[in-house]
Amino acid sequence: MRVWVWALAAVMLLIGTPTFAQEVERTPTPAWIQPLSPDRAAAPADDAAIRMLALDRQVRITSRGREMFTHRRIRIQSPQGLELMSTISASWAPPRQSIQVHAVRIIRDGATIDVLAEQQFDVLRRENNLSYSMLDGVLTATLQPRDVRVGDILETAFTIIDDGGVLAPHQEVLDEQTLGWPIDYARYRVEWPTDLALRSRLPASWPQVEPRRTRDGWELLVERTDIQPPRLPDNLPARYYLTNIIQFTDAVDWAEVSAMVSHLYVQAATLESGSPLTAEIERIRAAHATPEEQAAAALRLVQDQVRYLALSMGEGGYVPQSADAVWRSRYGDCKGKTALLLALLHGLGIEAEPALVSTDYGDGLEHRLPLMAWFDHILVKATIGGRDYWMDGTGLGDRQLALLTPPPYRWALPVQAEGGALEPIVVPPAQRPAEETVITIDSSNGLDAPAAFVLDTAYSGGSALTTRERFQRVTAEQLHTIFAASFEDQKSVRFDKVETRYDEAENVFHVIMTGTSQMAWVAGSGGRLLGVDGTVVGVPVQAERTGLFAGLKDEPYSIQYPAMGRTRTRIILPNGGEGFRLEGADLDVEAGGYRLHRTATIADGVADIVVTWNTLASEISAEDMKQARTRGEALADVGARIRAPANYAGTEADRARLTPGDSDVADLIERAEALVGVSDLEGAMVLLDAAVEREPDNLKARLARGDARLADDDVPGARADFDHAVDLDPADLEAVLGQAWAAYRDGRADEAVVSYSVALRLDPRNDEALHGRALSYYQIGRAERALQDYRTLKTSAPNRNAGPSGELRALTRLGRGDEARAIIDERLADSATDDIALSARLTLAIREGRPAEALTSLDAAVAASPDNRGLRIARGQARALAGQADGAREDFAMVRTASNGDLEWLNNLCWTQGLSGFDLETALSDCDAAIAAAPEAAFIDSRAMVLMHLGRFEEAKRDYDTALEGQPYMSASLFGRGLARIALGDAEGRADIDRALALDIDARDDFEVLLARRPDLLP
């Protein structure tokens, strides 16, 4: 319905507006026009395809209507510019509009060529929006000027005349003087008679001139130079994109605009004598008891039984078809459908009125001048039982008034004979997800058995019908092929079929997929663990505006609103769920204009995890977005996890997966790699042993088993496999890298240096080899050589943290603290929360015996991200070592509360307090809680550190023994056990310490606080 009078604003020289006739009329420039100076100095040529030298817009408002004159001068500067300017076109909609052409000229080397002397416009009827069910009756005149060359200046002058149509004698102008390229000179001039009370508003960025009296009336004139096109990001609220709007109106207020078309809707909604709609009204009344049900039925009739077709020819932009005409033709636009819906509701005795809305520019409408041109859509506002309902006849799928969501248009103007006032449309957060996915996975046969799944995605509201319509375009066979292809790369998933179902009563469209999946239950000492896909809660944020948009960094951010989505995952567990437990507590986060909510339960043998998100506002401030980014960084949610009981006994189906059977070697390797992916190393080794036994010289089998053995801490076995692989193919990069890493893991870093160097000769750009050699050089005490490799890695792999973190580590080892501090300061200047820099600063401060020096940086980081648990635990350590006990307890307490029983964070607390020798009984409680839930080697190692500080050496040694049974290459446990053995009088403890240092040259660092208190432990 929009009848904007935007005057010609696109890439074309003329993108017109209108005519009473169906021909282009050639006339001289009207006498009322003030001509441009012909000798304005042209700016020098640049690299742009074209240059807009001048843009002149002049408007005359008279009792006969409105005339809009546009004069352009464009210099063509490249072959691409010739393409852009190859066609001059103009569009208008008879009978209310007409067009006059005054000039089409080419200026070349000071000479002027009159294009219209030899050429004329062709007139076409193009229904460009027919595919969108829109008929506008617009005519288009086109002309392709001959012999246009690079360097020419193309000059055009046209006038668009509009008699105002049904809105006459009302006068208004809504215009814009912006193009997609710079303009050297622009003029905007409006004149009107003295007897016309016209209000105006110019863009805020323009000179704010006042109208002046002339001999013939009033004139407003604005001149501007060197105008740059606006460059705006796409995440600003809508009002920001209307910064160059020119407004003129004779309307005193919105009530006057409201009343202009009131009589049209009264007439259109009045039923003819004997109208068939009377029977429809009575049918609805008889079938539905309450006004709410009757109104919903009327809306459904308009939406479902009358197709949308916009009719904007002639006065169709404002004049609605009658309700009876719409019903007879069974098509109508928003105006006709509104008239039909009004007739039905009035017949049912329901209070209702039409209301104008702006679908794109409602944001900020209350601050603009009252113009009819703002509005491009019309709704029905019905009032039932004291509650207002916004009803859109052009919508789809509305079934119940209770589920009817107010439209996000901000403001509505009720159409009333006495004139209505702008009314805010209050939009609450969505109460029903437009898309909801329910995944049911049947793992009752066992953790390793294929699990049947059903994935049901339900679309509701308008998205139900649009999604259904898209799916109806393809056959069932095509649909199956499309979905099957989407699962081809997922080796753990077998897709079976897809089907659809439509719930007519609820207007919900279901897409249902079925298949089987191999669930990724990862091995762990506290019981196997499943991370449930789709349950991680993260704050949706938008990046800070920088670069071209840096000047807008403090402006608000727009958010889709209202919007809501939900994912529910149901997993049927083996053995009725006995002994299974959930990790990852319920979560409720509100940040960045979103509310994110997760619940997780296990009941009747079924784990049920629901994640819901909902937007809370259409925009948020830049400060709120900044806080949301901070909250998002600190959240560090890992999602819901299900832990199987530690004593889980595999089912028959579980065991079948581990049987080699008659699989060939390639299949055995593939099956084994899937098991390695879920940390089932024992099962993987059964299959890989079978593969190597069947083909001892199969390179891939040896490499796969070497990798699995390393993951299982069988370093000697891994070295044997990688050595054999190198013997089979000395030029195989994967074999050489495996050999190098196995040597490093075994404490033979000198051998690793040799192998990594060989790998770099095979592939000089291999980042893994470069990083491995840097680690190995560092380990054998050649920190300077390691530094060189780390710096090379920084350049070759700038997105990896290994280079910069290794560089700082090497500089610290070399005693080049000032150099390290300079790098740290530079990184922290870019980001106060830089993990690499903060970790290096704390390590350096501790090594130099001045832990308090790290606090300034850590305080700044915490101020920037107060909810970041990693930062709080690091500051807690620095505070504890600096003697700031209260501050340290505050930080550790925050982490403990925020972690809500998360085992990893309990272990981090225990370890950090143990390193610091701080609040040891509290640290011990943290470790005990983690170990009780999952007796993992890392957790037990942390407790042993605390026990060492408490002087409970026998218990510490026992814990270290247990930890090393699970992870025999854990250097911290070896070093700690060595100290415990020495404390217990076992001099052979020195062998453990030497072994620890062979594995990690920095192993002693973790025990410096303990050794400072008990130097006798390491004489």
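**A hairpin and a disulfide**

R105 stands opposite D114 in strand β6. That is a handy place to begin a walk through this structure, which is a predicted model. Strand β5 covers residues 97-108 and strand β6 covers residues 111-114. The two strands run antiparallel to each other and are paired over four bridges. If you follow the chain around the turn of this hairpin, you pass two residues that sit between the strands. One to look at there is D109, which takes a positive phi near 55 degrees. While you have the strands on screen, keep a general rule in mind: in a regular strand, side chains alternate between the two faces of the sheet.

How many disulfides does the structure hold? There is one, and its partners are C910 and C927, with their sulfur atoms 1.8 Å apart. This pair links distant parts of the chain, 17 residues apart: C910 belongs to helix α26, residues 903-916, while C927 belongs to helix α27, residues 920-933. Which hand does the disulfide have? The torsion about the S-S bond of C910 and C927 is about -95 degrees, so the disulfide is left-handed.

Are these cysteines buried or exposed? The cut-off for buried is under 20% relative accessible area. C910 has a relative accessible area of 0%, so C910 is buried. C927 also comes out at 0%, and is therefore buried. Another cysteine worth a look is C334: its relative accessible area is 3%, so C334 is buried too.

Terms used:
Residues numbered from 1 in each chain as written. Predicted model: local features only at pLDDT ≥ 70, side-chain atom pairs only at ≥ 80, totals over all residues. Heavy atoms only, no water. Disulfide = S-S within 2.5 Å. Buried < 20%, exposed > 50% of the residue type's maximum accessible area, 1.4 Å probe, protein only. Pairing = 2+ DSSP bridges.
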